[in-house]
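Hi,

Here is the structure I promised to pass on. Have a look at it first, and then read my notes below.

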Amino acid sequence: MVDVVNLKRFKKRAEREAAAKLADVNRARFGRTKSQRAIDDHRVSRANELLDQHVIGGEDAS
C-alpha cells in the first residue's frame, strides 16, 4: 500500500525550503560583517578628509 502523506506538513516543509533558499540569496547579496562595514565607513571618511585638505579659502582648488 501507499503511505499516507500529511498535506499540511508537506506544504509547511515546502514553504520552509523556499524561505531557506531566499535567505541564502539575501545572505549572498547583503551579507557583510560589522567589521567589513566599519572598514568601508573608515575608507569613505578618510577619502573625504583627504579631499577636504585640498580646499582653499572655502572653494575647490581645481
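The protein chain has a radius of gyration of 26 Å (taken over C-alpha atoms), whereas a compact globule of 62 residues would be near 11 Å, by the rule of 2.2 Å times the number of residues to the power 0.38. Its C-alpha trace spans about 90 × 20 × 15 Å along the principal axes.

Please keep in mind that this is a predicted model, in which local features need pLDDT of at least 70 and side-chain atom pairs pLDDT 80 or more, while totals for chains, interfaces and linings use all residues. Residues are numbered from 1 along each chain as its sequence is written, and side-chain values use heavy atoms, without hydrogens and water.

Along the sequence, the pattern is α-α-β-β, from two helices and two strands (DSSP runs of H or I with at least four residues, and of E with at least two, numbered from the N terminus).

Of the 62 residues, 0% count as buried (under 20% relative accessible area with a 1.4 Å probe, protein chains only).

Helix H1 covers residues 7–30 and reaches 34 Å from its first C-alpha to its last. The count of buried residues in H1 is zero. At its start, a side-chain oxygen of Asn 6 comes to within 3.1 Å of the backbone nitrogen of Lys 8.

Best wishes

Conventions: Buried means under 20% relative accessible area, exposed over 50%, partly exposed in between (1.4 Å probe, protein chains only). The expected span of a helix is 1.5 Å times one less than its number of residues. A polar contact is a pair of N or O atoms within 3.5 Å; within protein, one must be able to donate a hydrogen and the other to accept it, and residues adjacent in sequence count only if both atoms are side-chain atoms.
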